[in-house]
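Here's a quick walk through a two-chain model, with the cut-offs spelled out as they come up. Have the viewer open while you read.

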Amino acid sequence: MPSPEPSAGMPPCVLEDMPPPPAGMPLIVDFENVTKTYDAGTPRAFTSITDINFKVEDRPKIGEFVGVLGPSGCGKSTVLRLIAGLAPHFPQTMGKVFVNEQPVQGPGPDRGFVFQDYSNFPNRTVIDNVAFGLECAHVEEKERKAKAMEWIQKVGLDAKRDGLKYPHQLSGGMNQRVAIARTLIMQPKIILMDEPFGALDPTTRQSMQDLLVSLWRELEATVFFVTHDIAEAVYLSDRMYIFSPSPGTIRHQLKITPADRPARQMQAERSFQESVLAVRDILEKLELEKAALAAKGSPK
Amino acid sequence: MPETEIAKTTPSKPSVWSNWLGRARTIRDVPPQLESWMFGLAFMGLALVVWYLVTAEWNGERFMPRYKLPSPGETFASFPSLWFDRALSLSAIASLARVLGGFMLTAAIGIPLGIIAGCYLRVNAFLKPLSVFGRSVPIAALVPLTMIWFGLGEVQKVMFIFIATVAYVLFDTTNAVQAVPDRFLDTGYTLGAHRTRAKGARRATFFALIYALIFSFGLFALDDQSESHGLLRGMAGSSFWLHALFGLTLGFLLWYPIQSHQLLRKVLLPLALPDIINNLRLVFGVAFGYIMLAEVIDAKRGLGFIIIQSQRVGPREHIYLCLIIITLLAYGIDQGIRVLQRKFFPYLKNAES
């Protein structure tokens, strides 16, 4: 039963501004004045993000959950894809993107990506989808299949029953579980999730949030999570970046109580809902700003 | 009570006929499978009846004379002479073999080249004029040219099919690869798909050996059958080993770019393959039609040859029989490929279209 008040000993969900990172701490992701302009120098030039600055410390054995929120079209995905090194967003037009203090050169298995539309390979069974990364890394067939079975169980699917199915035989939630297993099997230190649960119904969504929290504890990775669902972001995040309207730049950095209880329980607490409302207020102001910008920009 | 009033005013029970008529008049109403077949059969029946009526004798006179359009009975009665005297099965096999030979060449070059062009857009831009030209040029106009280049034998017929179809297969394959959504590429990249040069070279060598065999033995076999030698013999010096070397180089060059990148080998190629095979099936149907063009000129057997012989010296019944047989053969092959498609791509919910 969800209790309306937090039980004793559990901190209420709070929002506070993020303190700057202590100097000298190793950084896992570091954006320095990053700007991305498409078709630069042509009349179609479009700036997606401008002057993005943020630093996420490397916390070995702990990791961090970074929620990314903002008005639609503000370049949240661009930031994720710049970390992943995926074209056409990569490379940035200006500024520097560092991962593990090295400039990003291109995509790699050290940065896992979970997409909204699952994108499981339709020609591969669940096992072969999950084992794809290991296959690319030339892991022997027997070993990679055993490991894939293990991960299929971990994301809450039945490896025996579902392992030989094809993606089109699975529901959306199951497909997203496969996509998560496929990403996590590579044990990436950075996991990028672009609205991974956007296409799922609310009930499935909550169970996926719980699954994600439990898996993330085991992986000790830094997760970047783009979402439009404020409750989801407040629940999952340790840290939250709120973007301004396009061209996007980081407007707020918030520190948030981490998810330490099941989604259904924690999301029913009053302090949690107050935090959600506070974030919603910030976002609504930004949406108004966006509308004002659009009104000013239209009579060209 | 309003309920009983409504029951009184509505007709007691719509008849089966008016029920059916209502459905038939509904836009996009899907008929049961059996009904669809009945309608298909009805068309064939209607065609037979019309055929019968225009060729039947009325007071000793026919609307269509026999030399223009023989009656259904006369046509089907001439089947034994077509089968035995004209050696229908040999001709059908000869036609099929020519199409298959040319088509194999088309697939061997068009598919890998199309995959490369679909991945590397500069290659695509480079090959674009070729595919535009190849798809716009009137195919029938190529028959005389192929005779100048390759003589009158089997090489000419195979090369004609190759030249007529390669641009289509190249174009379709390029499109199929480009149609693979970007998100699968992104997924592949973030899971670590990378270039594997050594493995690519090993696999490409295997393909190169197959190509060498096809080009040496295949051309050798064709050359043996043809009595006159055209460009190919002069070009290659009719040397078996030169052909083999040519095939080896070509096979390696075409397959190394595909085999040496995991993203092409494990993602793009398998995802585009169902589309590629489906397009091959469609082009094969067209190629089977083209071969008649090459066979009406100086062939010793083949379905096209039988048709032109029947037109010149009769019996005309054979023309109609051949048309029916060609249609049935093409349809049968098409259905056969479909069955294979469903077997090899079980993940496609419908291997239709």
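## A residue on a helix of chain B

Let's start with Q335(B), which sits in helix α16 (residues 317-344) of chain B; helices are DSSP runs of H or I with at least four residues, strands are runs of E with at least two, and both are numbered from the N terminus. Q335(B) has a relative accessible area of 30%, so it counts as partly exposed. On this scale buried means under 20% relative accessible area, exposed means over 50%, and partly exposed is what lies in between (1.4 Å probe, protein chains only). Q335(B) and L121(B) are 214 residues apart in sequence, and their C-alpha atoms are 34 Å apart in space.

A few ground rules: this is a predicted model, where local features need pLDDT of at least 70 and side-chain atom pairs count only at pLDDT 80 or more, while totals for chains, interfaces and linings use all residues. Residues are numbered from 1 along each chain as its sequence is written, chains are lettered from A and ligands numbered from 1 in the order in which they are written, and side-chain values use heavy atoms, leaving out hydrogens and water.

## Chain B as a whole

Chain B has 16 helices and 2 strands. Its radius of gyration is 27 Å, well over the 20 Å that the globule rule gives for 353 residues, so chain B is more spread out than a compact globule. (That radius is taken over C-alpha atoms, and the rule is 2.2 Å times the number of residues to the power 0.38.) Along the principal axes, the C-alpha trace of chain B spans about 85 × 70 × 30 Å.

Of the 353 residues of chain B, 42% count as buried. Take the contacts in chain B (heavy atoms within 4.5 Å) between residues at least 6 apart in sequence: 77% of them join residues at least 24 apart.

## Where the chains meet

The contact draws 27 residues from chain A and 20 residues from chain B. About 2,100 Å² is buried between the two chains, with carbon and sulfur atoms giving 68%; buried area is the accessible area (1.4 Å probe) that two parts lose on being put together, summed over both.

How many salt bridges are there between chain A and chain B? The count is 3, a salt bridge being a side-chain nitrogen of Lys or Arg within 4 Å of a carboxyl oxygen of Asp or Glu. R183(B) and D117(A) form a salt bridge through their side chains, at 3.9 Å from N to O.

Helix α10 of chain B (residues 182-190) has several buried residues, among them F184(B) and D186(B). The buried residues of α10(B) pack against α1 (76-84), β7 (111-114), α3 (132-136) and α6 (172-184) of chain A, together with α14 (262-295) of chain B. After α10(B) comes G192(B), with a positive phi near 100°.

## Salt bridges in chain A

Over all chains, the whole structure holds 27 salt bridges. R205(A) pairs with E232(A), the closest N and O atoms being 3.0 Å apart. R205(A) lies in helix α7 (residues 202-219) of chain A and E232(A) in helix α8 (residues 230-236) of chain A, so the pair ties together parts that are 27 residues apart in sequence. Both R205(A) and E232(A) are buried.

E57(A), R59(A), E64(A) and R239(A) are linked in a salt-bridge network. Within it, R59(A) and E64(A) bring their closest N and O atoms to 3.8 Å. R59(A) is partly exposed at 28% relative accessibility, whereas E64(A) is buried at 1%.
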